[in-house]
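Colleague: Could you talk me through this model? I'd like to start with a pocket and then move on to other parts.

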Amino acid sequence: MTNHIEAASPHTMNTYARLPIAMERGQGCRVWDVNGKSYLDGLGGIAVNTLGHNHPKLVPALQDQISKLIHCSNYYHVPNAEVLAKKLTELSGMTNAFFCSTGLEANEAALKLARKFGHDKGISNPQIVVYEKAFHGRSIATLSATGNVKVQKGFEPLVEGFIRVPLNDIEALKKATEGNPNVVAVFFETIQGEGGINPMRIDYLQQVRQLCNERDWLMMIDEVQCGMGRTGKWFAHQWAGIVPDVMPLAKGLGSGVPIGAVVAGPKAANIFQPGNHGTTFGGNPLAMRAGVETIRIMEEDKLMENAAKVGAHLKAALEKALAGNPGVKEIRGQGLMLGIELNKPCGALTERAAEAGLLLSVTADSVIRLVPPLILTEAEADEIVALLVPLIEAFLKG
């Protein structure tokens, strides 16, 4: 009998409340830990593993790239960076892209864009509208834009220049900015991820777009978690038929290879000039190949359509199975980005689900988050329901 391997990281900084699990390999929508236990992956590396694990089309492409060139420098042109930038602009209706390595970097770049946009207009103290419950990252600037006091605590003083408003309330937005000549941008997630899977309404998105047009503000939409086909369109804001001026991306863009991007339209595409912004690893040949291949495979395998179809199936199955349970407040989200809000904090379910062979997370204290790979099948969705519903019911009874 093989000895049990304990999962521990004594020399790694204690920045995560890790479960006592160490992963070893994956295949499709399943992963195995170092002790051979199998898990159905309902978390997808937190909306990162678009194509699941060990994808038969992605792996050979990355192996090919690794054998050629992993990294050079942004002193030189990277051919696949232009291929990926062109593709992202075609898919978004925008014009140019900047590449970095993470969603935090992409959001930080967006904030810098907004500030320089203001300074270029003669505004010395530019201000950016952000939202309650938002999450944009953990650098000092993105932390300041984030609407979570718990993650901000201990890192004060925060960066100034943010005006915070509630979701889906256009009158509150107008009131908060009335008569203020320093406002330069509105910055938000189409569907808040860490904030609890909170969607912006279609009519609200359209109203904000109109207001930005009227007041010459940048509309900046953080699609880091909800973008890249997760809702059934390339970017979640496209359900509202709008085009932003600035759009940070990351997570699912590289199917696990670190990559971030800021896609910009005509109003913002030329704000940065040489020397204004940069990155060491962003745009490197390996990450760019990962982005190009991810989109190619998504198109070939019709994964956006799959996300919409399987996501609707999963949501309907969860609603049916949990109907009438007073402890379930709401099931919300779109495509394969779903949240189940309970009437009490449910962080314990993360470990209980893992023990049952299902990976998920709990966000905003009481919202179970499901963001599985976009290759998820209806049979696997049914398996998620079969594993998760009894856990929820037992937890609520307890």
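Colleague: Which element gives the most to the lining of the second largest pocket?

Modeller: That is α3, with five residues, where helices (H or I, at least four residues) and strands (E, at least two) are DSSP runs numbered from the N terminus. This is a predicted model, in which local features need pLDDT of at least 70 and side-chain atom pairs count only at pLDDT 80 or more, while totals for chains, interfaces and linings use all residues. Residues are numbered from 1 along each chain as its sequence is written, and side-chain values use heavy atoms, leaving out hydrogens and water.

Colleague: Which elements each supply at least two residues of that lining?

Modeller: They are α3 (79–92), β4 (96–100) and β12 (260–264).

Colleague: OK, the sheet now: in what order do the four strands of the open sheet come?

Modeller: The order is β1-β2-β3-β15, with mixed pairing, and two strands pair if DSSP finds at least two bridges between them. β1 (23–27) and β15 (358–359) are at the edges with a single partner strand each, so one side of each has no neighbour in the sheet.

Colleague: How many bridges join β1 to β2?

Modeller: Four, and the two strands run antiparallel; G26, for instance, has V31 in β2 as its bridge partner.

Colleague: Last one: is S361 buried or exposed?

Modeller: S361, in strand β16 (residues 361–363), is buried, because its relative accessible area is 10% and buried means under 20% (1.4 Å probe, protein chains only). Leaving aside neighbours within four places in sequence, S361 is in contact (heavy atoms within 4.5 Å) with L43, T350, V367, I368 and R369.

Key:
Buried < 20%, exposed > 50% of the residue type's maximum accessible area, 1.4 Å probe, protein only.
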